[in-house]
Amino acid sequence: MNNRFAIVLAAGKGTRMQSKLYKVLHKVCDRTMVELVLDSIQNLNMQRVITVVGCGAEKVKEAVGNRSEFVLQEKQLGTAHAVKVVKEKLVDKEGTTIIMYGDTPLIRAETVDNMLTHHENSEAKATVLTAFADNPFAYGRIIRDNDNKFLKIVEEKDATEDEKKIKEINSGIYCFDNKLLFDLIGKVQNDNKQQEYYLPDVLTLIREAGEKIETYLCEDFDETFGVNDRVSLSYAENVMRDRINTLHMLQGVTLVDPANTYIAPNVKIGKDTTIYPNVTIKSNTIIGEDCKIKPNTYIENSIIGDGVKILQSTITDSIVGDNSFVGPYAHLRNNTKLSDEVRIGNFVELKNTTYDKGSKTAHLSYLGDATVGSNTNIGCGTITVNYDGQNKYNTTIGNDTFIGCNSNLIAPLKIGNGVVVAAGTTVTDDVEDDSLVIARVKQENKEGYAKKLPAGRKL
Ligand code: UD1
Ligand code: MG
């Protein structure tokens, strides 16, 4: 099989974004643009993937991680210059090099795959992916000769009025014969309006050398859409959202209002789950079958089992077991793990807390760093007092235990199985199995005393 290499250009600052964040790190549906570009070549048998970094190099490297090698382009002198800095790594290799820009987040893997196959079968020395744009402004235009053969690419800023009318655009995705690319890349000049070294100019050099150049048309312009400012970022977000949501619906998920449902690309959702409006499901989340995710819920990096119902709640970095019920207004975070058939109700916050099967906390409680056994009921207003201002401490509660309302559980603390804690108790010491624990001031009723209080005075 032919050798394949990939170069992704991600060194630019992205001035038009007007942002402190470097352009390729802006997210489309919760995934950075540079990662989305890399996703598109993930399964295309690349021997090497090299990302060119410059502005914000460390941050871009961090986002991309170990799926790519990196080369530093110290000064951003243009897209051809960015490719030139990779020369040392690839110059002696035979094969096909695909070049992509890190600001084209909507490109699909199938398109790149088809283009690569077309390039390799046609034995061209270069293939450029083009598309027809209703509004081609800001893109390089494809100039053809009288026989409709590729001649060159002209950038918006260098184009004549006639050239500006051309609707066929350069996507910025190309396949090259690797050797020829690096033979010619150093010969590209910067005699243009922006005084930049333009990568498309290498195509002119290839043509002038008498070598074959192909164009490969991408039927869907959106895939070639380049993000250069926040307006185009929001367009990309809309297209991607529509794409993700359509796929979920086709796979058996009901989205009540897909235009207002925000799901990241790598989220998995089981059949017959219904997602209501204004739900956000961020990256690395798996949701099971037959769930109901009610309006205004936010879920991130979490696993939700089958048959779960969630009402207006926030769940991050947590697990919810099958047939559990969460909300409304619950907050599960930081490695909280609910087993099956657990019920977490209104205004309950759980942090790094585990619940075994069938346990409940129906209202107004905070449990942090706690372990709760099975079939235990935690009454309204229970607080684990897990923090002394410096350190965090654990609370363990057994099976079939009943914690009465408004209890303070002062950690570190162990409460056994079958325990009953009376309402209003502040538990400071460990409690053995099957004990009743009560710690509160004894009630005293003073008959007729209320009438003796001065008028308007209340205790
Ligand atoms: C570029 C193309 C244009 C094409 C469009 C498609 C050139 C000269 N123009 O224009 O023909 O229609 O993309 O979206 O190539 N970069 C570097 N180093 C540099 C300069 C840029 O790494 O020195 C990176 C940027 O981070 C970006 C990509 O290359 O990811 C493209 O640069 P950008 O400035 O966005 O080019 P466009 O003006 O969009
Ligand atoms: Mg661009």
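Me: Why is S407 called buried?
Reply: Buried means under 20% relative accessible area, with exposed over 50% and partly exposed in between (1.4 Å probe, protein chains only). S407 has 0% relative accessibility, so S407 counts as buried. This is a predicted model, where local features need pLDDT of at least 70 and side-chain atom pairs count only at pLDDT 80 or more, while totals for chains, interfaces and linings use all residues. Residues are numbered from 1 along each chain, and side-chain values use heavy atoms, without hydrogens and water.

Me: What makes D103 and N228 ligands of the magnesium ion (ligand 2)?
Reply: Donors are N, O and S atoms within 2.8 Å of the metal (3.2 Å for Na, K and Ca), and since water is not among the atoms, sites may look incomplete. D103 (OD) and N228 (OD1) coordinate the ion at 2.1 to 2.4 Å. D103 sits in the loop between strand 6 and helix 5, and N228 in the loop between strand 11 and helix 9 (230-250), so the pair ties together parts 125 residues apart in sequence.

Me: How do you know that the buried residues of helix 5 line one face?
Reply: The buried ones are T111, V112, M115, L116, H119 and S122. Down the axis of helix 5, they fall within an arc of 145° (taken from the directions from the axis to the C-beta atoms), so they line one face. Helices here are DSSP runs of H or I with at least four residues, strands runs of E with at least two, numbered from the N terminus.

How values were computed
Chains lettered and ligands numbered in written order.
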